[in-house]
Amino acid sequence: MPIEFVCKIKFAEEDEKQKSKQDGDKESLIEESCTPPAKDLAGFANSCSLHGINHIFVSGRLGIRQTLWALAFLTSLALFLYQAAKCAISYLEHPHVTALNEEATPEMVFPAVTICNINRFRFSALTDADIYHLANLTGLPPKNRDGHKPTDLMYPAPDMQDIFNRTGHQLEEMLMSCNFSGQNCSVEDFSVVYTRYGKCYTFNGNKTTSKKTKQGGMGNGLEIMLDIQQDEYLPIWRETNETSLEAGIRVQIHSQDEPPYIHQLGFGVSPGFQTFVSCQEQRLTYLPQPWGNCRSTSREKFPGYDTYSISACRLLCETNEVMRVCNCRMVHMPGTADICPPSKINCVDKALAQLQKNSGDICPCETPCNLTRYGKELSMVKIPSKGSARYLSRKYDKSEDYIRDNFLVLDIFFEALNYETIEQKKAYDVAGLLGDIGGQMGLFIGASILTVLEILDYIYELIKHRLQRLLRPQKEEKKNTQPATTVATVGLEEMKAKEPNDTTRSHPEGAYANTILPNHHVPHPLPHPLPHPLPHPHPHPHPLSHPLPPPHQHRPGHHGVFEDFAC
């Protein structure tokens, strides 16, 4: 009947080393099979989507074919890098293009129209004190032929705001008729504004209540008849910087967002003519840095102005310069400082002349990013005709010669209800740069963004594999330090009756260390009873308190494998 013993076995030193070596080799094979090996360069070249490298990195010896492919690949790579560098340089230059377009609209906001009489002071409105104070401006002698008396030198300091307002040409006297889009208009539709020409008037200058026109062409805009009052022009006794030799009015057409800068941006209208001004609205859009040099209108505003404009910037620069040099301001300049008296007119002229020379350095005025301007086409006809001169003479109680010398008609209208958009656009943006580089990359080396990812993935796997090989010896040293114990199951086949020549090999007591002890499992009942008792290998038999479990089947010839064990 077979019997099974489960014992703890301690091998000899040579067997223990052999067993640990086999276990280490087995674990190493398991780790290598679980870790994906890093691809070699030839394998990566065959699987990569980059064109040409699968013909260069091949297993075996480098030949002429691989050399030619390598030269072709390097040439294509150099051409790609050259084109990519050109694209990058072009993008860093930030070029822009200008797009012109024309759009129609059912109605348009009529522009602001500022008019100024070229003569700043009415001669009849000047008093002796005014003439005395304005001597540096006008060069006029006193009205009294005897000259200024000693008591005249006691005139109080002049109020320049009052002088300009009181002695300037009054619109109530100048405006003969007014019509806007077929409806009558009056002085109430104009607002007072001060410029270098003194007291001026602006039509439709309020942005919140701006007038609109719903039809283009002559007769659908502003039509005014003015009397320039040449009889009130100052006589010229000597020339000054403010002396004017012409007669007529100055006109500026501008948007409601900018103040008038009429002495530089206005155009003249002569008496004795009807002047037709055909306007075309233009909306300009500029690019900020680095594509352009415009200034956003949403940035900080200037004192006295709601919106940034070039005119507002120039006026502020002039104000700051005059304030710095002369410690005062002119009547048309923004602010609350004192208005410069005529005695300081020479100081003001010098400060403005110096500013004009160095305006680009001292006060650069950037173009606003959004700007509205009006293109103009002027034409004129002579008035009055011989037939209308007598009629106008009777209507306004003026002589025909007076009407010819003083009356003018100004007709301002839109050519059509459309406007031009002039917009700066980026000629080369990020999308264009990526598209050009991607096209060059695909043309020369057949690569894409995914190809770059493949190369990065290969580099990552290669570094990972190197690190694993460096860290593996440390793991093996930790494994070798663990004690090696083995549990083995020994099966003894059912023995026949002893023959006379059979002997049982045994060991004497004390041949093994006391630490080697038998390890018994809990016995199980046998399937059938023992036919006869078996001899125990030791002098003192081990008593069995329970039946033994069924034996394992072993092939014959293995009885001598476990010779050095104790149970």
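The model is predicted, so local features need pLDDT of at least 70 and side-chain atom pairs count only at pLDDT 80 or more, while totals for chains, interfaces and linings use all residues. Residues are numbered from 1 along each chain as its sequence is written, and side-chain values use heavy atoms, with hydrogens and water left out.

**Overall make-up**

- The secondary structure of the protein comes to 15 helices and 18 strands; helices (H or I, at least four residues) and strands (E, at least two) are DSSP runs, numbered from the N terminus.
- Of the 567 residues in the protein, 35% are buried. Buried means under 20% relative accessible area, exposed means over 50%, and partly exposed lies in between (1.4 Å probe, protein chains only).
- The protein has an accessible surface of about 34900 Å², and carbon and sulfur atoms account for 55% of that surface. Accessible areas come from the Shrake-Rupley method with a 1.4 Å probe, and for residues only the protein chains shown count as cover.
- Among contacts in the protein with a separation of 6 or more, 77% are between residues 24 or more positions apart; a contact means heavy atoms within 4.5 Å.

**Disulfides**

- The structure holds 7 disulfides, a disulfide being a pair of cysteine sulfur atoms within 2.5 Å. The links described below include C116 to C200, C294 to C369 and C313 to C365.

**The link of C116 and C200**

- The disulfide that joins C116 to C200 has an S to S distance of 1.9 Å. The link of C116 and C200 is right-handed, with 120° about the S-S bond.
- Because C116 lies in strand β4 (residues 112–117) and C200 in strand β8 (residues 198–203), the pair ties together parts that are 84 residues apart in sequence.
- C116 is buried, at a relative accessible area of 1%, and C200 is buried, at 0%.

**The link of C294 and C369**

- C294 is joined to C369 by a disulfide with an S to S distance of 2.0 Å. This link of C294 and C369 is right-handed, with 75° about the S-S bond.
- C294 lies in strand β14 (residues 294–295) and C369 in the loop between β15 (367–368) and β16 (370–382), so this pair ties together parts that are 75 residues apart in sequence.
- Both C294 and C369 are buried.

**The link of C313 and C365**

- A disulfide with an S to S distance of 2.1 Å joins C313 to C365. With -85° about the S-S bond, the link of C313 and C365 is left-handed.
- This pair links distant parts of the chain, 52 residues apart: C313 is in helix α9 (residues 310–326), and C365 is in the loop between α11 (359–362) and β15.
- C313 counts as buried at 4% relative accessibility, whereas C365 counts as partly exposed at 25%.

**A nonpolar surface patch**

- I449, L450, V452, L453, I455, L456, I459, I463, L467, L470 and L471 form a nonpolar patch on the surface, and together they have about 1100 Å² of accessible area.
- Patches are made of residues with over 30% relative accessible area and no salt bridge; like charges are joined within 9 Å, and nonpolar side chains (Val, Leu, Ile, Met, Phe, Trp, Tyr) within 5 Å. A salt bridge is a side-chain nitrogen of Lys or Arg within 4 Å of a carboxyl oxygen of Asp or Glu.
- One of the patch residues, L470, lies in helix α15 (residues 449–480). L470 is exposed, with a relative accessible area of 62%.
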